[in-house]
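Subject: Structure handover

Hello,

Here is the structure we talked about. Please open it first, then read the notes below it.

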Amino acid sequence: MAGPVLEMRSIVKTFPGVKALSDVTLTVRQGEVHAICGENGAGKSTLMKVLSGVHPHGTYEGEILFEGEVCEFKDIRASEARGIVIIHQELALVPYLSLAENIFLGNEHASRGLIDWRETLRHASELLRRVGLSEHPETRVADIGVGKQQLVEIAKALSKKVKLLILDEPTAALNDEDSGKLLDLILELKKQGITSIIISHKLNEIRKVADSVTIIRDGKTIETLDVKSAETTEDRIISGMVGRDLDHRFPERTAYEGESDAAPALEIRDWTVHHPIDQQRKVVDDVSIHVRRGEIVGIAGLMGAGRTELAMSVFGRSYGRHAAGTVLKDGKEIRTKSVAEAVDHGIAYVTEDRKHYGLNLIDTINRNISLSALNKVARRGVVDEHEERQVAEGFRKSMNIKAPTVFEPVGKLSGGNQQKVVLSKWIFAGPEVLILDEPTRGIDVGAKYEIYTVIDQLAAQGKAVVFISSELPELLGMCDRIYTMAAGRLTGEFSRAEASQESLMRQMTKDKEVTR
Amino acid sequence: MSTDVTAKTPAPAPPGKSGSASGENLLQLMLDGLRRNMRQYGMLIALGLIVALFAVWTDGDLLLPRNVSNLVLQNSYVLILAIGMMLVIIAGHIDLSVGSVTAFVGAFAAVLTVQHDVAWPLAVVLCLVVGAGAGAAQGFLIAYLGIPSFIVTLAGMLVFRGFTEILLEGQTLGPFPGGLQKIGNGFLPETGPETNYHNITLLLGLALIVFVVLQEVRDRKRQQEFSLDVLPRNIFLLKLVSIVAAILVVTMLLASYKGAPIVLLILGGLVVGYGYLMRNSIFGRHIYAIGGNLPAAKLSGVKDKKVTFLVFLNMGALAALAGLAIAARLNAASPKAGLNYELEAIASAFIGGASMSGGVGTVLGAIIGGLVLGVLNNGMNLLSVGSDWQQVIKGLALLAAVGFDVWNKRKSGS
């Protein structure tokens, strides 16, 4: 067996207030495909950013040895010069430039500032052939599919004389056929002597291409396993990914005292949504869920499972194309084709991305809170500023939003306080169904507890709550029922008693073939 | 949506004692307010400095009643346009067509009244409708078809300038009937006893003072009703006194010449009306929301397309009003009327605190920005500075104002 090509020793990386990596050790052997596995937020991407110089030397602790030499990369260029190339989840291609121009962007075949087109095109077609693309190098990137774009990224990496190729969830945005091609290519490159690190949480993929797998959890290396060995079962990987103590605390649930045999507050039947650009791809595939008054229902899933897409497409068709299916409110079919209609039917969607979709960061707390229900503080189209301010003051106190006044711009608040403003905004709208998408992402433990308490109160008041989260302990601690999704499909439904981290994770990592 | 559910949820804890905040807290509040509105206070101070400088350089000519009256008449159209432009820029767009639309509406007015003897009140109404139509057409393309506003209004700038020349056949057309002329350079009529001052203007000034004082007092009472913190009594009085003094000075200056120009009354009405609209109406809030963060506004149920459409329709109507005022003042419609006015209006909005990325700005800011440019114009004219250097100086003023803002923001780390 070949010796190690890469060793990362005791890597520690701290961001203000958060320890993203607390002790990670990774050893990758020459010529292997090494998978890295872990929950969302476990530190996989951060680790790869440390390796590739996105987080330069000096901003982390620990040692990196590549080909036996200590490396201190100060930026991406330095790591690329050594042959380490990372391909990020979001593709970094310029859509309106040709394949050839993209492949050699920043690395052009040129003399004295003038591009040598003959050499550029010749070399580009050679690289494209190597990754299995027959497109002409002058085709625009925008004119080929996402799957092929991923291959162009690899061609770009090859042009940099890559020795270690890092792929961060390369198949997350691809359909089955394109995923298959990509995985085959990784195996092909392995034969040519290129070592790969692949970040993935699809266990069948890991089984197909990887030689070994390292499991990371909460910023620590748990173990490295040989994929081919008999001991390495899916169960072992899953328990490694989730096996954390339940160190979060959850407030005591107050039961909702109301009839529960009535029709569900919200029911979604046979919901299917297509990707907004790649319209062949189903992002949500025939999903049916329901939630009753006073109930908190979780939706568990990994990145790309289609949870946010499901919620946003139901909420006024805010995502995707050709959404099809039925939405019922209290047993009656309703139209939710615009956000205003959804809000009028008493549905609220609290986004996972509060900075882009939730808040007007340059505006004040009071104006953000009132925005979705201005008519409640207005008479005949005129906003009563004093009443608005009083409402906002009420939320500042009851939600414990830490700000000197409600006239503070929301952009200056911490993540937890911003989240409280978004929640206040939607509670003020007075919905009967709240869809909360990752309501505790990126906020500290104390603020989390406060938000859990608010969610409990909402359910106790008889509101129906849909709770989307990537943190399994949170779902297990908060929800009455939990659905799991994987690759756009519903893969399971668990009562509170049945659910465990292992059982959920098994359904979350299921792929299509397995489901059928 | 049911209201009762909401009312319970936040359960606003009754804040123990109402009334004035404690001293330290208050100082902090005032400093915060000052810092937040740095741009506007900064521009107000800059405007004061410019006025003072030119008053000294022109040996007081700048502040002669006749000149103040002139200043208002000369700049009213740009100020009217700046109000509409502020709305457009807050919504995250731009309108390059307003100069051409003003010229087009002026030409249309001339064709109606001079060539076809249409009664002037009817002509005014028709002109406003045509202007709003021009704005609506562009607004439709921008809001519903998603063509960038820069492109649509650049096209509009050419199209409406072309239509102007077609309507006028390249000639200047005039004069206008008396009633219409009044809009551009008329004053309130003189009546009552001989007082050396213009009586109606004085009365209007006094009425305005009474109105403002009543409004402020009522507002304070309402705040106390909602148990919100209010300004301490003596600071509140100081605020009232400064507002009253400012109104008095302008009133006396105008009243000692020919009285208040009619266009000033129109402009005053617009400032108050649009200020109120932007601050207190749902429509105004929605404009800020779509300019500040469009995806978030959409997900909050704001009908972004309709709002954008209406903002451009409104801009067209205001451009028509400005067009009437220019035509009336020159007493003729000219193919070259309103040339570069869109740039003056845009500059006014940016000097007055608008942001390139939208979501920020006030109507009052646009007026302050417009006045900075107006006083620079007027003062340099009095000093007989050539139009070549005037352009250089106005350009640098715009650069300095926005540059200061950028520097100030970077310093405060936001």
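How many helices and strands are there in chain A? Chain A has 18 helices and 24 strands. Bear in mind throughout that this is a predicted model.

**Chain A overall**

Chain A has 516 residues, and for that number a compact globule would have a radius of gyration near 24 Å. The value for chain A is 25 Å, so it agrees with the globule. The C-alpha trace of chain A spans about 70 × 55 × 45 Å along its principal axes. Of the 516 residues, 51% count as buried. Take the contacts in chain A with a separation of 6 or more: 68% of them are between residues 24 or more positions apart.

**The mixed sheet of chain A**

One open sheet in chain A has 6 strands, in the order S18-S21-S22-S15-S23-S24. Its pairing is mixed. Strand S18 (347-350) and strand S24 (489-495) of chain A are the edge strands, and each pairs on one side only. From one strand to the next, the twist averages 20°.

Look at strand S15 (residues 296-300) and strand S22 (residues 464-469) of chain A. They run parallel and are joined by 5 bridges. Ile296(A) has Val465(A) in S22(A) as its bridge partner.

Helix H17 (residues 501-508) of chain A lies across S15, strand S23 (481-486) and S24 of chain A. H17 runs at about 30° to S23(A).

**The antiparallel sheet of chain A**

A further open sheet in chain A is formed by 4 strands, in the order S14-S13-S16-S17. Here the pairing is antiparallel. Strand S14 (282-291) and strand S17 (332-333) of chain A stand at the edges. Each has a single partner strand, so one side of each is left without a neighbour in the sheet.

Strand S13 (residues 266-274) and strand S16 (residues 321-329) of chain A run antiparallel, with 6 bridges joining them. Ile268(A) has Val327(A) in S16(A) as its bridge partner.

**A hairpin and a buried strand**

Strand S11 (residues 212-217) and strand S12 (residues 220-226) of chain A pair in the antiparallel sense over 6 bridges. They form a hairpin with 2 residues between them. Asp218(A), in the turn, has a positive phi of about 50°. Val213(A) stands opposite Leu225(A) in S12(A).

In a regular strand the side chains alternate between the two faces of the sheet. See strand S6 (residues 84-87) of chain A: Ile84(A) and Ile86(A) point one way, Val85(A) and Ile87(A) the other way. All are buried. S6(A) runs parallel to strand S9 (residues 164-168) of chain A, and 4 bridges join them. Val85(A) has Leu165(A) in S9(A) as its bridge partner.

**Where chain A touches chain B**

The contact takes 45 residues from chain A and 36 residues from chain B. On the chain A side, helix H10 (339-344), helix H11 (354-358), strand S20 (382-383), helix H13 (385-398) and helix H14 (415-428) each supply at least two residues. H13(A) gives the most, with 10 residues. By class, this side of chain A has 19 nonpolar, 16 polar and 10 charged residues.

**Two spots in chain B**

Helix H4 (residues 65-90) and helix H16 (residues 363-382) of chain B pack at an angle of about 145°. Their axes are 9 Å apart. The crossing of H4(B) and H16(B) is right-handed. Residues of H4(B) in the contact include Leu71(B), Val78(B), Ala82(B) and Met86(B). Those of H16(B) include Gly365(B), Gly369(B), Gly370(B) and Gly374(B). By class, the contact of H4(B) with H16(B) has 10 nonpolar, 7 polar and no charged residues.

Is Gly99(B) buried or exposed? Gly99(B) is buried, because 26 other C-beta atoms lie within 10 Å and the cut-off is 20 or more. Gly99(B) lies in helix H5 (residues 98-116) of chain B. Leaving aside neighbours within four places in sequence, Gly99(B) is in contact with Met157(B), Gly338(B), Leu339(B), Asn340(B), Tyr341(B) and Glu342(B). Ala255(B) is 156 residues from Gly99(B) along the chain, and their C-alpha atoms are separated by 32 Å.

Best wishes

Conventions: Residues numbered from 1 in each chain as written. Chains lettered and ligands numbered in written order. Predicted model: local features only at pLDDT ≥ 70, side-chain atom pairs only at ≥ 80, totals over all residues. Contact = placed C-beta atoms within 7 Å. Nonpolar A, V, L, I, M, F, W, Y, C, P; charged D, E, K, R; others polar. Buried ≥ 20, exposed ≤ 12 C-beta atoms within 10 Å, placed from the backbone. Axes fitted to C-alpha atoms, helices over the stretch in contact; angles between N-to-C directions. Left-handed = near helix turned anticlockwise from the far one by under 90°. Pairing = 2+ DSSP bridges. Rg over C-alpha atoms; globule rule 2.2 N^0.38 Å.
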